Amino acid sequence: MPELPEVEALAHHLREHALYRPVARADVASMSVLKTFDPPVSALTGRVVTGAARYGKFLAVEFLDRPGEDLHLVTHLSRAGWLRWHDTAAAAPPKPGRGPLALRLHLDAVGGPGFDLTEAGTQKRLAVYLVRDPREIPGVARLGPDALALSRDEFAELLDGRSERIKTVLTDQSTIAGIGNAYSDEILHTARLSPYATAGRLRPDQVVALHDALHTVLTDAVDRSVGQKAAELKGEKRSGLRVHARTGLPCPVCGDTVREVAFADRSFQYCPGCQTGGKPLADRRLSRLVK
Ligand SMILES: [Zn+2]
């Protein structure tokens, strides 16, 4: 699932390639991704891209070219959604319900440059909103402060008194916006903290290490994602991960075997050597086998 770094890289690409281009046409290939109906998508025709923004893991294309008539095309890419830039596109409207294409924006001219919003796989969760104000979208209105905007003191304040596990707090979008399962694994590994540590009981030096790790991991990932031209790829492609999705492989820091805790629909990874004093965390699947 694209998180802050990938979405930031896509916004970066739009700022470099889409700015000041007028919309020639918007093609909706999958009606189900569209979560709003007023204003209609046809209202985009003739409007000029004035910017791209990121709200947590939401990506927004801004059309602030007419006073009092702001439009924001906002998407939550969810698990398998992506934004792919194209220099040319088929002029014919796409056939609905076929393939991964959900929405196509033609800029300058029909068949010209623009981008596709796509979704791979059968689970359809990609969401697109056309709104006058991003705060009309419940998922955006709920967001806590952006992960990269948090000072050390603000971060310490957020954790203070929290009884949840630190992994839970880091990925809760209403507490901190932008971090998901992958980068929370990486941040906790860099900070050498157990995912199960109680957020409110971290020592001051651990809070400092965690805040530093959050900044380093996310800014490095933004740089890598921008560098590999995210919007020219077919989908999310991550590099440089040290524990996430690396179950069974050696930890690049200490050589211990990366382990995972699995739930019905997701799993997370950590290194016992770096993060839990060498002890494996309880995994319900594993304990059932052992019993
Ligand atoms: Zn390790």
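Tutor: Let's start with surface charge. This is a predicted model, so treat each feature as part of a prediction.

Student: Which residues gather in a patch of negative charge on the surface?

Tutor: The patch is made of D153, E154, E157 and D160. Asp and Glu count as negative.

Student: Where is D160?

Tutor: Look at the loop between helix 3 (152–159) and helix 4 (166–171). D160 sits there.

Student: Is D160 buried or exposed?

Tutor: Use the cut-off: exposed means over 50% relative accessible area. D160 has 59%, so it is exposed.

Student: Next, salt bridges. What is the general idea?

Tutor: Side chains of opposite charge can pair when their charged atoms come close. For the count, a side-chain nitrogen of Lys or Arg must be within 4 Å of a carboxyl oxygen of Asp or Glu.

Student: How many salt bridges does that rule give?

Tutor: The count is 18. Take R54 and E8 as one case. Their side chains form a salt bridge, with N to O at 2.6 Å.

Student: Why does the pair of R54 and E8 tie together parts that are apart in sequence?

Tutor: Check where each partner lies. R54 is in strand 2 (residues 51–55), while E8 is in helix 1 (residues 4–17). The two parts are 46 residues apart in sequence, so the pair ties them together.

Student: Are R54 and E8 buried or exposed?

Tutor: Both are buried.

Student: Which residue forms a salt bridge with D116?

Tutor: R104 does. The closest N and O atoms are 2.8 Å apart. This pair links distant parts of the chain. D116 is in strand 7 (residues 114–119), and R104 is in strand 6 (residues 101–107). They are 12 residues apart.

Student: Why do D116 and R104 count as buried?

Tutor: Buried means under 20% relative accessible area. D116 has 12%, so it counts as buried. R104 has 13%, so it counts as buried too.

Student: What about D133 and R135?

Tutor: They form a salt bridge, with the closest N and O atoms 2.9 Å apart. Now read the accessibility. D133 is at 26%, which means partly exposed. R135 is at 63%, so it counts as exposed.

Student: Which residues are linked in a network of salt bridges?

Tutor: E3, E6, E236 and R238 are.

Student: How do I compare distance along the chain with distance in space?

Tutor: Read two numbers for a pair: residues apart in sequence, and the C-alpha to C-alpha distance. L170 and D185 are 15 residues apart in sequence and 9.7 Å apart in space. L170 is in helix 4. At 0% relative accessibility, L170 counts as buried.

Student: How many residues apart in sequence are P100 and D116?

Tutor: They are 16 residues apart in sequence, and 9.6 Å apart in space, C-alpha to C-alpha. P100 lies in the loop between strand 5 (81–86) and strand 6. P100 counts as partly exposed, at 46% relative accessibility.

Student: Now the backbone. Which peptide bond is cis, with omega near 0°?

Tutor: Omega is the angle to read. The cis bond runs from D38 to P39. P39 is in the loop between strand 1 (23–28) and strand 2.

Student: And phi?

Tutor: R192 is not a glycine, yet its phi is positive, about 60°. R192 is in the loop between helix 5 (181–190) and helix 6 (204–227). At 49% relative accessibility, R192 counts as partly exposed.

Student: What is phi of K229 near?

Tutor: It is near 50°, a positive value in a residue other than glycine. K229 is in the loop between helix 6 and strand 9 (259–262). K229 is partly exposed, at 46% relative accessible area.

Student: Last topic: domains. Where does UniProt place "domain: FPG-type"?

Tutor: The unreviewed UniProt entry places it at residues 242–276. Over that stretch the chain is 11% helix and 23% strand. Its end C-alpha atoms are 16 Å apart.

Student: Which residues does UniProt list for "domain: Formamidopyrimidine-DNA glycosylase catalytic"?

Tutor: Residues 2–126, again from an unreviewed entry. Here the chain is 11% helix and 34% strand. The end C-alpha atoms are 11 Å apart.

Notes: Residues are numbered from 1 along each chain as its sequence is written. This is a predicted model: local features need pLDDT of at least 70, side-chain atom pairs count only at pLDDT 80 or more; totals for chains, interfaces and linings use all residues. Side-chain values use heavy atoms; hydrogens and water are left out. Patches are made of residues with over 30% relative accessible area and no salt bridge: like charges are joined within 9 Å, nonpolar side chains (Val, Leu, Ile, Met, Phe, Trp, Tyr) within 5 Å. Accessible areas come from the Shrake-Rupley method with a 1.4 Å probe; for residues, only the protein chains shown count as cover. The place of a charge is taken as NZ of Lys, CZ of Arg, CG of Asp or CD of Glu. Helices (H or I, at least four residues) and strands (E, at least two) are DSSP runs, numbered from the N terminus. Buried means under 20% relative accessible area, exposed over 50%, partly exposed in between (1.4 Å probe, protein chains only). UniProt positions are given in the numbering used here, feature names are shortened, and annotations may be inferred rather than shown by experiment.
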